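Hello,

Here is the structure I promised to pass on to you. Have a look at it first, and then read my notes below.

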Amino acid sequence: MKALLINGSPHKAGVTNLALEHVAKGLAEGGCESEIVWLGAKPISGCLACGRCREIGRCVVDDVVNTLIPKAQEANGLVIGSPVHYAAPSGQVVSAMHRLFYTGAVDWTGKVGAAVVNCRRGGAASAFDQLNKYFTISGMPIVSSYYWNQLHGNTPEEALQDEEGLATMQQLGLNMAWLMQCVADGAAAGHTHPGRVHSAHTNFVR
């Protein structure tokens, strides 16, 4: 079992990374591997809506998003981590996730997902909610902890004082390891994900 953890902060070793490191501790505690991938500090293009990704299996903008595709294909779970910017996830992580999920190169069904956010004070709930939308539109079970997955502090030194937040992250990793194993055990017993059986597209413009 392996989880892909995405650091969507422009600061490689900031609070988002600290949160993901504690998620990774919980995953290891549950017997699962993990990899933290930093999106970097350079601008990331948003989706151009060209549709070419559906033909070639990758984005025409050749950047970190294309490096994420094979990692996501291999992973059993995905954790998206982001700082809170104006009560929303970072611009880097939103642009990257729009393109990663839209490519169609990854079959997300049955993979488990979780989002973690960090902020100095407020805006965590709305950012957390926005990130969870990627999972709910992709047939992914969402992993929870025992509180919302948020860590408070403007610097890693401050965030280390948020003991409840750090414990929430580590428990999230442990819960994720358990759910990924449950999915694998269920598939081995013949209970595979049903996939998209019922599908329709309705255009409300008449």
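**What I found**

Arg-206 sits in the segment that follows helix 7 (163–188); helices (H or I, at least four residues) and strands (E, at least two) are DSSP runs, numbered from the N terminus. This is a predicted model, where local features need pLDDT of at least 70, side-chain atom pairs count only at pLDDT 80 or more, and totals for chains, interfaces and linings use all residues. Residues are numbered from 1 along each chain as its sequence is written, and side-chain values use heavy atoms, with hydrogens and water left out.

Arg-206 is exposed, with a relative accessible area of 80% (exposed means over 50%, buried under 20%, partly exposed in between, with a 1.4 Å probe and protein chains only). From His-98, Arg-206 is 108 residues away in sequence and 28 Å away in space, C-alpha to C-alpha.

Now for its neighbours. Strand 3 (residues 77–85) runs parallel to strand 5, joined by 7 bridges, and Val-79 stands opposite Ala-114. Strand 6 (residues 150–152) also pairs with strand 5 in the parallel sense, over 3 bridges (two strands pair if DSSP finds at least two bridges between them). There, Cys-119 stands opposite His-152.

Best wishes
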